Amino acid sequence: MIDIAELVLRAEAMGVRVEWGRDLPVPAEYDHARRVIRMADGRGDCVTRCSLAHEIGHAHYGHRPGGDYRRQERQADEWAALLLV
């Protein structure tokens with residue numbers, strides 16, 4: 001099973017920085033313009049791993065705001081499943 005540290009390394013290998021903070025209203029978000037994944041502190045390991053893998057999927061596909069939201073979310077979910085299974 002891939003752990004949080006390995007997921008962070010995976011993101012960094014893609015040129016994406018992972019930042020942590022307490023002020024996020026969601027468990028995680030991806031900012032393509034800055035190539036940054038922001039993760040909320042204080043979440044359980046399972047939520048953190050799943051959220052981080054999902055955001056790495058957005059980074060992999062280069063998703064940007066304003067695209068086909070449902071397609072982007074499905075692609076990110078599928079990418080996360082491949083990483084986590």
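A nonpolar core here is a set of buried Ala, Val, Leu, Ile, Met, Phe, Trp, Tyr and Cys residues joined through side-chain atoms within 4.5 Å, where buried means under 20% relative accessible area with a 1.4 Å probe, protein chains only. The model is predicted, so to speak of local features takes pLDDT of at least 70, side-chain atom pairs count only at pLDDT 80 or more, and totals for chains, interfaces and linings use all residues. Residues are numbered from 1 along each chain, and side-chain values use heavy atoms, with hydrogens and water left out.

**Exercise 1.** Work out which residues have the most contacts inside the largest nonpolar core.

*Solution.* 
- Start with the core itself: 17 residues, with Leu-7, Val-18, Ile-37, Leu-52 and Ile-56 having the most contacts inside.
- Next, look at who contributes: H2 (45-61) is among the elements giving two or more residues, and H2 supplies the largest share, 4 residues. Helices (H or I, at least four residues) and strands (E, at least two) are DSSP runs, numbered from the N terminus.
- Then zoom in on Ile-56: beyond neighbours within four places in sequence, its contacts (heavy atoms within 4.5 Å) include Leu-7, Ile-37 and Trp-79.

**Exercise 2.** Find the order of the strands in the open sheet.

*Solution.* 
- Pairing needs at least two DSSP bridges between two strands.
- E1 and E3 run parallel, joined by 5 bridges; E2 and E3 run antiparallel, joined by 4.
- That gives the order E1-E3-E2, with mixed pairing.
- Finally, 4 of the 5 residues of E3 are buried, so E3 is largely enclosed by the rest of the structure.

Note on methods: Buried means under 20% relative accessible area, exposed over 50%, partly exposed in between (1.4 Å probe, protein chains only).
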